[in-house]
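Morning, everyone. I'll talk through one set of strands and then some aromatic contacts. Please have a look at the model first.

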Amino acid sequence: MKKLLLILTMALCVSTVSAQIYPEAGENWRNAKPSKYDFNNKKIKSLKKYIVDSMKTTGLMVIVGGECIYKFGNVERLSYIASCRKSVLAMLYGKYVENGTINLNQTIGELGITDHGGLLPIEKTATVRHLIQARSGVYRPSSNPGSSLDNPDLVPKRGSKKPGTYHLYNNWDFNAAGTVFEKLTGKSVYQTLEEDLAKPLGFQDWDINAQRYGGDKSKSMHPAYHIYISTRDMARLGYLMLRKGEWDGKQIISKKWHKEMLTKWTPRKKMNPAEQRKGEFAYGYMWWLYDTKVPELKGAYTARGAMGQYITVIPQLDMVIAHKTDRVYGRKTSYASYRRLIEKIIAAKQYQ
């Protein structure tokens, strides 16, 4: 009897795994009524009023169980995903760390990474790992705005923090991490994104010719590797993360690297500037990790970009939310209004 129960249990596990749904390469996400996944149809439908009245959303997809239960706006348009690019770079890093191409413990001094006017001796001891943790201790101008470096009052004096000891969301770190990646792999971020993610995941709207670096290189020699993709392809990236790096039976990102990316290298109580400790995020490898008492957000995490770009993964709900506010329209969606949207989606869940 015990043997029969074991066989039935194993069969059920296999059936559950094989039942996972993935969108076909180049094809639309499959649609499903919210009620299929125990969400209230009327409450999900009512999201439109909130989005129109209180947000500046230009594209939104809510994916549950590999199917789309809600869609709003133009999800096909390619546009700038701002700092979500950093989380995408973290996804790309894993393969090359694991095959030995990138050594996270190597210092930027050993790699010859510098900038205009050079780096201080202490700054040269920062490792590649420190860059992707935003813990380098290098506080010099970055080529593009959009981080704590924009406010001098929040930035420690150069050379005052030992690398690895102090977290500060810092575009110099993230841009230098892009330079390191390209230097060591011999490939551009965009070529690697195409080969390692866009093609294996069957992006519908990928265009390598639409990608372009940004930033003022007179301020820093490390450019920002801006990424332009559609909302529905952002959802594919989120779904890959939700499935712990697996895509339709193939491990695209190893489970080990997936876990390492989402480790709380910086707990919420050690985030800087101190004001961030009042928020709800810890930090991993260029992913924001929810640290909140909301049960549904246990283990949740998100990529965040200026003006309203988000790829949010909520494992407790088997959910991915891809949200876009296209800057071409001069719009901006605040995190507070996006967070309220998440609350409304959670409230639509019908618990049995």
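Strand 8, residues 288-290, pairs with strand 9 in the antiparallel sense, over 2 bridges. This is a predicted model, so keep that in mind throughout. Within that pairing, Leu 289 has Tyr 301 of strand 9 as its bridge partner.

On to strand 10, residues 309-314. Strand 9 pairs with strand 10 too, again antiparallel, over 5 bridges. The two form a hairpin with 3 residues between them, and Met 307 in the turn has a positive phi of about 75 degrees. Arg 304 has Tyr 310 in strand 10 as its bridge partner. The charged end of Arg 304 also sits over the ring of Tyr 335, 4.7 Å from its centre. Tyr 310 and Tyr 335 both belong to one aromatic cluster, and other members include Trp 288 and Tyr 290.

Now the aromatics in general. A search of the whole structure finds 22 aromatic pairs. Take Tyr 22 and Tyr 239: the ring centres are 5.3 Å apart and the planes are at 65 degrees, so this pair is edge-to-face. Tyr 22 is in the loop between helix 1 and helix 2 and Tyr 239 is in helix 8, so the pair ties together parts 217 residues apart in sequence. Are these two tyrosines buried or exposed? Tyr 22 is buried, at 9% relative accessible area, and Tyr 239 is buried at 0%.

Last item: Arg 85 lies over the face of Tyr 225, 4.4 Å from the ring centre.

Key
Residues numbered from 1 in each chain as written. Predicted model: local features only at pLDDT ≥ 70, side-chain atom pairs only at ≥ 80, totals over all residues. Heavy atoms only, no water. Pairing = 2+ DSSP bridges. Helix = DSSP H or I, 4+ residues; strand = E, 2+ residues; numbered from the N terminus. Phe/Tyr/Trp six-rings, centres within 6.5 Å; stacked < 30°, edge-to-face > 60°. Buried < 20%, exposed > 50% of the residue type's maximum accessible area, 1.4 Å probe, protein only. Lys NZ or Arg CZ within 6 Å of the ring centre and 35° of its normal.
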